[in-house]
Amino acid sequence: MSDVAAFPAKPVLPILAPVTAALAPYAEPLTRIATGLLLVPHGAQKLFGLFGGYGLEATGQFFAAKLGLPPAFATIAGLIEFGGGLLLAAGLATRAVAALVVGMMAVAVLQVHLANGFFWTNGGFEYPLLWGILALSFVVRGGGKYSLDRLIGREI
């Protein structure tokens, strides 16, 4: 038995222990669902021009002119964010979808945001790095107990 298991941390406010114990099983699915659903509007901007986005053609032109990326990357990014976000939220093909998000965010960090420094408020890499780390956690752990992957008994 590890030292951590032998000597669990004592809560600062013991009165909250029953609440945290009851809610603990839902922390990971909440994070997965929020991560997926918060990606969806970004994809909708690229693919459909919703939420102040420019749509696929204009986003593709921006990717080519300003980022030096092929215009097709706008479609790929939009599909990963929109469709992948929905799949991640549902916990379906979780590991595969999360791996695509990690890859996309690695490109975003290295190709687009790294030169702007750390802080997102200056166009830096903070925000895409966070998305990538969140997605990486689901590559490693999968969809979890409350996922469609678990319900169907298969993981991709």
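The following questions and answers go through parts of a predicted model.

Colleague: How far does helix 5 reach from its first C-alpha to its last?

Modeller: Helix 5 covers residues 72-90, which makes 19 residues. At 1.5 Å a residue, 27 Å is expected. The reach in the model is close to that, at 26 Å.

Colleague: At which residue does helix 5 bend?

Modeller: The bend amounts to about 35 degrees. Just after the helix, Gly91 takes a positive phi of about 75 degrees, but the bend itself is placed at another residue, Gly84.

Colleague: Which helices do the buried residues of helix 5 pack against?

Modeller: The buried residues of helix 5 include Ala74, Ile80, Glu81 and Leu88. Gly84, where the helix bends, is also one of the buried residues. The buried residues pack against helix 3 (27-48), helix 4 (55-67), helix 6 (94-113) and helix 7 (126-141).

Colleague: Within what arc do the buried residues of helix 7 fall, seen down its axis?

Modeller: Pro128, Trp131, Gly132, Ala135 and Phe138 are the buried residues of helix 7. They line one face of the helix, because seen down the axis they fall within an arc of 120 degrees.

Colleague: Which exposed residues does the face of helix 7 turned away from its buried side carry?

Modeller: On the buried side, the cover includes helix 3, helix 5 and helix 6. The face turned away from that side carries the exposed residues Ile133, Val140 and Arg141.

Colleague: Which residue follows helix 7, with a positive phi?

Modeller: The phi in question is near 80 degrees. The residue is also in contact with Glu155. It is Gly142.

Colleague: With which side chain does the side chain of Glu155 make a polar contact?

Modeller: Glu155 lies in the segment after helix 8 (148-152). Leaving aside neighbours within four places in sequence, its contacts are Arg95, Gly142, Gly143 and Asp149. The polar contact, at 2.5 Å, is with the side chain of Arg95.

Colleague: Is Glu155 buried, partly exposed or exposed?

Modeller: Buried means under 20% relative accessible area and exposed means over 50%. Glu155 has 45% relative accessibility, so it counts as partly exposed.

Colleague: How many aromatic pairs does the structure hold, and how are the rings of Tyr26 and Tyr146 arranged?

Modeller: The structure holds seven aromatic pairs. In the pair of Tyr26 and Tyr146, the centres are 5.5 Å apart and the planes are at 25 degrees. Planes under 30 degrees apart count as stacked. The arrangement of Tyr26 and Tyr146 is therefore stacked.

Colleague: How many residues apart are Tyr26 and Tyr146?

Modeller: Tyr26 is in the loop between helix 2 (17-23) and helix 3, and Tyr146 is in the loop between helix 7 and helix 8. Tyr26 is partly exposed at 46%, and Tyr146 is partly exposed at 36%. The pair links distant parts of the chain, 120 residues apart.

Colleague: Why is the pair of Trp120 and Tyr127 tilted?

Modeller: Trp120 has a relative accessible area of 37%, and Tyr127 has 29%, so each counts as partly exposed. Their ring centres are 4.9 Å apart. The pair is tilted because the planes are at 35 degrees.

Colleague: Which residues do ring pairs link into a cluster?

Modeller: The cluster is held together by ring pairs, and pairing needs ring centres within 6.5 Å. Its members are Phe118, Phe119 and Phe125.

Methods. Residues numbered from 1 in each chain as written. Predicted model: local features only at pLDDT ≥ 70, side-chain atom pairs only at ≥ 80, totals over all residues. Heavy atoms only, no water. Helix = DSSP H or I, 4+ residues; strand = E, 2+ residues; numbered from the N terminus. Expected span 1.5 Å × (residues − 1). Bend = angle between axes of the 7 residues up to and from the residue. Buried < 20%, exposed > 50% of the residue type's maximum accessible area, 1.4 Å probe, protein only. Contact = heavy atoms within 4.5 Å. Polar contact = N/O pair within 3.5 Å; in protein donor to acceptor, adjacent residues only side chain to side chain. Phe/Tyr/Trp six-rings, centres within 6.5 Å; stacked < 30°, edge-to-face > 60°. Arc of directions from axis to C-beta.
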